[in-house]
Amino acid sequence: MKVFVDEDKCCGAGSCVLSALEVFDQRDEDGVVVLLDAEPAEHLHAAVHEAVQVCPAAAITVA
Ligand code: SF4
């Protein structure tokens with residue numbers, strides 16, 4: 001799995017961080033998403049898919 005984030009779309013809602021703490025963080029200044037792990041291990045895949053679904057800005061994609 002490869003994870004991509006579009007910082008321009010991100011509205012800083014933070015839902016992705018709640019879904020997958022190991023993969024996503026937020027910038028202190030403006031809350032914009034920070035991708036911690038672009039190729040997360042398999043046990044994190046379900047959490048990443050959840051993050052994709054809960055992101056209100058559709059800023060996260062996986063391949
Ligand atoms: S859930 Fe989406 S909009 Fe919210 S911080 Fe994460 S990437 Fe940005």
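A: Start with Glu 7. Glu 7 is partly exposed, at 43% relative accessible area. (Buried means under 20% relative accessible area, exposed over 50%, and partly exposed in between, with a 1.4 Å probe and protein chains only.) The model is predicted, so local features need pLDDT of at least 70 and side-chain atom pairs pLDDT 80 or more, while totals for chains, interfaces and linings use all residues. Residues are numbered from 1 along each chain as its sequence is written, and side-chain values use heavy atoms, with hydrogens and water left out.

Glu 7 has a partner. It forms a salt bridge with Arg 27, and the closest N and O atoms are 3.4 Å apart. This pair ties together distant parts of the chain, 20 residues apart. Glu 7 sits in the loop between β1 (3-5) and α1 (15-19). Arg 27 sits in the loop between β2 (24-26) and β3 (33-35). (Helices, H or I with at least four residues, and strands, E with at least two, are DSSP runs numbered from the N terminus.) A salt bridge here is a side-chain nitrogen of Lys or Arg within 4 Å of a carboxyl oxygen of Asp or Glu. Side chains of opposite charge can pair when their charged atoms come close.

Arg 27 is partly exposed, with a relative accessible area of 30%. Glu 7 is one of its partners. Its side chain also meets that of Glu 29 in a salt bridge, 3.8 Å from N to O. Glu 29 is exposed, at 67%. Asp 30 pairs with Arg 27 too, at 2.7 Å from N to O. Asp 30 counts as partly exposed, at 42% relative accessibility. Shared partners join Glu 7, Arg 27, Glu 29 and Asp 30 into one network of salt bridges. The structure as a whole holds four salt bridges.

Gly 14 is buried, at 12% relative accessible area. Gly 14 and Gln 26 are 12 residues apart in sequence, and their C-alpha atoms are 7.0 Å apart in space.

Gly 14 also brings in the ligand. The ligand has 13 residues around it, and Cys 10, Ala 13, Gly 14, Cys 16 and Cys 55 come nearest. (Near means that a heavy atom of the residue lies within 4 Å of the molecule.) The shell holds 10 nonpolar residues, three polar and no charged. (Ala, Val, Leu, Ile, Met, Phe, Trp, Tyr, Cys and Pro count as nonpolar, Asp, Glu, Lys and Arg as charged, and the others, Gly among them, as polar.)

Next comes Pro 56. Pro 56 is in the loop between α2 and β4. Pro 56 is exposed, at 57%. Not counting residues up to four places away in sequence, Pro 56 touches Cys 11, Ala 13 and Ser 15. (Contact means heavy atoms within 4.5 Å.) Pro 56 and Cys 11 are 45 residues apart in sequence, yet 8.1 Å apart from C-alpha to C-alpha.

Ala 58 lies in the loop between α2 (45-54) and β4 (60-62). Its phi is near 50°, a positive value in a residue other than glycine. Most residues other than glycine have a negative phi. Ala 58 counts as partly exposed, at 47% relative accessibility.

Last, look at Glu 22. Glu 22 lies in the loop between α1 and β2. Glu 22 and Pro 56 are 34 residues apart in sequence and 20 Å apart in space, C-alpha to C-alpha. Leaving aside neighbours within four places in sequence, Glu 22 is in contact with Leu 36, Asp 37 and Leu 44.

Leu 44 sits in the loop between β3 and α2. Leu 44 is buried, at 8% relative accessible area. With neighbours within four places in sequence left aside, Leu 44 is in contact with Glu 22 and Val 23. Leu 44 and Val 23 are 21 residues apart in sequence and 8.1 Å apart from C-alpha to C-alpha.
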